[in-house]
Amino acid sequence: MDLTSEFPSPQATALQLSLLFALAVLAQWLLRAWLASRQIRHVARHRHQVPDAFARRVKLAAHQKAADYTLAKGRVSLLDMTLSAVVVLAWTLLGGLDALNQGLLDLMGTGLAQQLALLATFAAISSLVELPLSLYQTFVLEQRFGFNQMTLRLWLTDALKSALVGAVIGLPIAALILWLMASAGPLWWLWAWAVWTGFNLLLMWVFPSFIAPLFNKFEPLADEALKARVSTLMQRCGFEAKGLFVMDGSRRSAHANAYFTGFGHSKRVVFFDTLLKQLGCDEVEAVLAHELGHFKHRHILKRMLLMFAASLAGFALLGWLSQQLWFYSGLGVRPSLDLALGQTGAGIGLGNEALALLLFLLATPVLSFFVTPLFSALSRRDEFEADAYAMQQADGAHLASALLKLYEDNASTLTPDPWYVSFYYSHPPALDRLARMPAPSTTST
Ligand SMILES: [Zn+2]
């Protein structure tokens, strides 16, 4: 009689997890590759002709540039998704994380310092692995289509600054969370979640005033005519902001944007200088009205609450998983059991907090990928709501012409694959958005 089939051993559960995880990574890769190749074929098929709806407004050359840019990005994404699947497997089932952990244990012994070193070296190695593709994207792909404005020197300073800011902010919060995991008892995950949430709120508050200025210059909007238009619009919408700023986005990229940042009374509106260069006054007003629509409909607040709820569920799940031996061995690492079992009832997590955290960060995106379409759909619905609001508060014809200009200047394709759109697109395609707007204005001040 085979008893093992009735009472699965920890080894059997671990083996099942390994198998399931490998299958999930493969399924994710297949789905991503299928969607990317659909997008590539769809855009290539429509490359020769501007879609009828845009025929009068968009030149063939611009349409073809957008197609070529989309195709080039699509090919890079095939490489990117393959690399990330290999990297996830290399860290987990192929033993990368285990080797790193054991090496650091030999070097430093057990303790908080070793755990922090594990997190830091993991982060450093991950960025090094991503480096070549990131360089290629900026200096080959973006360069070829005329979007890159960065010098190698600026790119390097950016990378150094980000690493420094990441270490200064990240290490203390990581140390605090590791300490809570080890010392706050069975409900540590609740405390850790509270700390994490508080930290994120703090970051939103300090980001505009302290972190963003490390990377860009922010100057008060000087254009008086535009300032008057924007202020009237904001009053009309009952919106208070501490200031209107222009950011030197053109230092890095020709892509244009506008955004709100901060919350409460530290809210500010930031225009990329590239946006102000491309759009007329009426159009900037319409774009801002769209952004105000997101505020009026509380999209940002809702997204924040959703994020906090999701991270609560994540921490609770981590709290449970970190106590399961099969979670470690199933994902290719050996936890330090002598440490954990040395203290009665302390559980497997003890001494293995950083391992649990990293395994969780590696494994969950593989699964959460499959709910991407749900979040994309919610986001597209929000965009329609913001468009509708913008058409009430500003001129819809100018919103339409701004949208068309931004599509053209950013070389966004007008003919995306519908499956690709429903899976990934956070914004509805141009055709769907313009269908709900008046005809694009031909004049703009
Ligand atoms: Zn929007």
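Trainee: Which side chains meet in a salt bridge at 2.7 Å, N to O?
Mentor: Those of R47 and D68; a salt bridge here is a side-chain nitrogen of Lys or Arg within 4 Å of a carboxyl oxygen of Asp or Glu. This is a predicted model, in which local features need pLDDT of at least 70, side-chain atom pairs count only at pLDDT 80 or more, and totals for chains, interfaces and linings use all residues. Residues are numbered from 1 along each chain as its sequence is written, and side-chain values use heavy atoms, leaving out hydrogens and water.

Trainee: How many salt bridges does the structure hold?
Mentor: The structure holds 12.

Trainee: Turning to E283, which residue does its side chain meet in a salt bridge?
Mentor: E283 pairs with K405 at 3.0 Å, N to O. E283 lies in helix α9 and K405 in helix α15 (residues 396-409), so the pair ties together parts 122 residues apart in sequence. Helices are DSSP runs of H or I with at least four residues, numbered from the N terminus.

Trainee: Is E283 buried or exposed?
Mentor: E283 is buried, at 1% relative accessibility; buried means under 20% relative accessible area, exposed over 50%, and partly exposed in between, with a 1.4 Å probe and protein chains only. K405 is partly exposed at 30%.

Trainee: And where is H290?
Mentor: H290 is in helix α9, residues 281-296, and counts as buried at 6% relative accessibility.

Trainee: Which residues does H290 touch?
Mentor: Leaving aside residues up to four places away in sequence, H290 touches E383, A386, D387, A390, L399 and R433, where contact means heavy atoms within 4.5 Å.

Methods
Helix = DSSP H or I, 4+ residues; strand = E, 2+ residues; numbered from the N terminus.
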